[in-house]
Amino acid sequence: MSALEGRVQPHLLPMIRGEVTELSPEAQQVLATWTIKTALMCQVFHAQEPPLVPAELFTDLYRDRAPADEMKVFCAYMMQPQYLNGPSTIEHRSMSSRNRDHTDDGQEFERWATVVTIRIGYAVLQLLATGPKGLRYEIGHGDFAPYVQPLWPVRETFSWPPLAMKRSSEFDAFADPLSKVERLFPQL
């Protein structure tokens, strides 16, 4: 993982400073992988029961060194909000959703979704993960679409940053996209 920290620095540091930067497919993959690793580490430091991010994702990340197919990673840009004690340089939000469902043949299973949003300086990185494995889903960012650029799955090179979020209330709403989803999961 220390190699990942070295590989992400040329891409993440300009984003943290709010500088315009080009994100190639390779840079997108490195940033997405770093976001997942950091989200998993946040879970270690802020443990919850049940875990927000299932343990199997640790195993998958170690084995594949890349995000799983069930994940999406996004990036955004935010002006540093001013709080009573000054500007905030780092923020973290984690949201989860779990529910029981049934397959067409009546077997019960648990569906889950986790959103981890991390802001460091001007850079905002967001992981959306779902399970069980193989679950495919689409989630939009609604009113935040102009403020968000996908990192994973990778796409062609693009220029960061997008439009800037300017208020902490925007960050709070962006960090909880699950609250606006009527039915989060498609049928299996």
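Modeller: The chain has four helices and 10 strands. In sequence order the pattern reads α-β-α-α-β-β-β-β-β-β-β-β-β-α. Bear in mind that this is a predicted model, where local features need pLDDT of at least 70 and side-chain atom pairs count only at pLDDT 80 or more, while totals for chains, interfaces and linings use all residues. Residues are numbered from 1 along each chain as its sequence is written, and side-chain values use heavy atoms, with hydrogens and water left out.

Colleague: What percentage of the 188 residues count as buried?

Modeller: It's 48% of them. Buried means under 20% relative accessible area, exposed means over 50%, and partly exposed is in between, with a 1.4 Å probe and protein chains only.

Colleague: What share of the contacts with a separation of 6 or more comes from residues 24 or more positions apart?

Modeller: They account for 70%. A contact here is heavy atoms within 4.5 Å.

Colleague: Okay, strand 7. What makes you say that strand 7 is mostly covered?

Modeller: Strand 7 spans residues 123-131, and nine of its nine residues are buried. Ala123, Leu125, Leu127, Ala129 and Gly131 point one way, Val124, Gln126, Leu128 and Thr130 the other, and all are buried. In a regular strand the side chains alternate between the two faces of the sheet.

Colleague: How do you know that strand 2 and strand 7 pair?

Modeller: Pairing takes at least two bridges found by DSSP between the strands. Strand 2 (residues 71-78) has seven with strand 7, in the antiparallel sense, so the pair qualifies.

Colleague: Now the rings. How many aromatic pairs does the structure hold?

Modeller: Four. Why is the pair of Tyr77 and Tyr122 called stacked? The ring centres are 5.7 Å apart and the planes are at 20°, so the pair is stacked. The cut-offs are centres within 6.5 Å for Phe, Tyr and Trp (its six-membered ring), with planes under 30 degrees apart for stacked, over 60 for edge-to-face and the rest tilted. Tyr77 lies in strand 2 and Tyr122 in the loop between strand 6 and strand 7, so the pair ties together parts that are 45 residues apart in sequence.

Colleague: Tyr77 and Tyr122: what puts Tyr77 with the buried residues, and is Tyr122 buried or partly exposed?

Modeller: Tyr77 has a relative accessible area of 13%, so it is buried. Tyr122 has 23%, so it counts as partly exposed. Together with Trp160, Tyr77 and Tyr122 form one aromatic cluster.

Colleague: What makes the pair of Phe144 and Phe174 edge-to-face?

Modeller: The rings are 5.8 Å centre to centre, with 65° between the planes. The pair links distant parts of the chain, 30 residues apart: Phe144 in the loop between strand 7 and strand 8 (148-152), Phe174 in helix 4 (residues 168-174). Phe144 is buried at 13%, and Phe174 is buried at 1%.

Colleague: How do you know that Arg155 lies over the face of Phe158?

Modeller: The test wants NZ of Lys or CZ of Arg within 6 Å of the ring centre and within 35 degrees of the ring normal. Arg155 is at 4.0 Å from the ring centre. Arg65 lies over the face of Tyr62 as well, at 4.5 Å.

Colleague: Why does Asp60 count as buried?

Modeller: Its relative accessibility is 5%, so Asp60 counts as buried. Asp60 sits in helix 3 (residues 56-64). Leaving aside neighbours within four places in sequence, Asp60 is in contact with Arg65 and Lys133.

Colleague: Last one: what about the histidines, His11 and His92?

Modeller: His11, in helix 1 (residues 2-16), has a relative accessible area of 18%, so it is buried. Beyond neighbours within four places in sequence, His11 is in contact with Thr21, Leu23, Ala27, Val30 and Leu31. His92, in strand 5 (residues 90-102), has 28%, so it is partly exposed.

How values were computed: Helices (H or I, at least four residues) and strands (E, at least two) are DSSP runs, numbered from the N terminus.
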